[in-house]
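This briefing concerns charged and aromatic side-chain contacts. Please consult the sequence and the structure shown below.

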Amino acid sequence: GFALVTKGNFVVAIGGFNGTTSLRSVEVHNLETGVWRFGRGMLKYREGCAAVVVQDRIIVMGGYDGHSDLSSAEELLFERVVPQPPELPPVPSTGMGHQNCIVALEAWVDDAQTLRKDFQDRVTQASCRIRSDFVSYRTRMERDIKKKEHEIRVLQNQIQRENSTCRQTISSLQDSADTWFENLDHQVSNATRCVDELNKEMEQNEKKMARLYAAQIQRIDSNPPPELLCCITLELMKDPVIAVADGHTYERRAIEQVFLRTPRGHQPRSPKTGQLMVSRQLVPNVAIRAMCRDYNQK
């Protein structure tokens with residue numbers, strides 16, 4: 001909430017919360033004119049603060065600035081009450097006779113001098129009070145400025161330390177990453193070379209196996225050898241694959257149908273062994289496929 005005080009013909013609303021952030025604003029309502037206006041704001045944001053009027057001064061204490069509770073107090077600079085020139089009595093008329101006129105004028109002059117002295121004293125006092133208030137305000141501002149300058153220096157030092165730490169961390173991270181990338185490139189290069197060598201070896205083995213099976217096919221009759229028949233369809237295989245789970249060769253479409261007929265969440269059984277198949281991975285059997293093609297051609 002906000003603090004509310006009255007001072008003369010004015011109602012002053014101090015600080016508060018706007019639903020998003022704490023406020024340091026001061027709003028002044030003139031009871032004579034009914035007009036609200038903004039006064040000079042406080043030095044700190046304050047919600048839930050207290051305020052009192054001491055003589056001609058408004059003192060604001062405590063509150064919450066949106067981050068922590070405050071134990072400080074500050075004085076608001078408000079409209080100062082300055083002395084107004086007194087109203088002079090009318091000058092006596094000269095139409096009352098010379099003697100009476102002289103007496104009346106002398107009395108008027110004495111009253112005017114008394115009013116002058118009284119007004120001069122009040123002007124001097126007000127000037128001293130205003131000057132004293134300003135000196136006090138300037139002292140507080142200079143003290144706050146020094147405090148803020150110290151806080152700024154502390155924050156700047158923190159920023160420099162954090163910047164140095166970040167640079168060191170980034171440098172260490174980059175060195176570690178470079179080492180890892182270099183090791184990765186080396187392992188990838190070795191793996192690629194190994195794959196190329198294995199592919200060449202497989203091609204050579206496939207050609208060798210194809211020649212061996214071609215020779216065997218030439219020696220058999222027109223009936224396909226059992227190893228070229230799918231144990232599910234009992235037909236010559238066109239796309240033979242090895243089931244990784246049991247190591248046997250099947251026609252791709254036939255074994256995939258077995259997988260599709262197996263309920264979701266269950267493991268299919270091997271058509272060859274009857275055991276559960278823990279994997280549905282299929283690998284092309286290149287050698288058998290070559291033998292099947294050779295058999296068809298011959």
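R46 and E74 form a salt bridge, with their closest N and O atoms 3.1 Å apart; the term denotes a side-chain nitrogen of Lys or Arg within 4 Å of a carboxyl oxygen of Asp or Glu. This pair links distant parts of the chain, 28 residues apart: R46 lies in the loop between β4 (35-38) and β5 (50-54), and E74 in strand β7 (residues 73-76). Helices (H or I, at least four residues) and strands (E, at least two) are DSSP runs, numbered from the N terminus. The model is predicted: local features need pLDDT of at least 70, side-chain atom pairs count only at pLDDT 80 or more, and totals for chains, interfaces and linings use all residues. Residues are numbered from 1 along each chain as its sequence is written, and side-chain values use heavy atoms, leaving out hydrogens and water.

**Salt bridges**
- The structure contains 6 salt bridges.
- R46 and E74 are both buried (under 20% relative accessible area; exposed is over 50%, partly exposed in between; 1.4 Å probe, protein chains only).
- D118 and R122 form a salt bridge at 3.3 Å, N to O, and both lie in helix α1 (residues 98-219), 4 residues apart.
- D118 is partly exposed at 39% relative accessible area, as is R122 at 28%.
- A network of salt bridges links D239, R252 and E256.

**Aromatic rings**
- One aromatic pair is found in the whole structure.
- W180 and F181 form this edge-to-face pair, 5.3 Å centre to centre with 70° between the planes (centres within 6.5 Å for rings of Phe, Tyr and Trp, the last by its six-membered ring; planes under 30 degrees apart are stacked, over 60 edge-to-face, the rest tilted).
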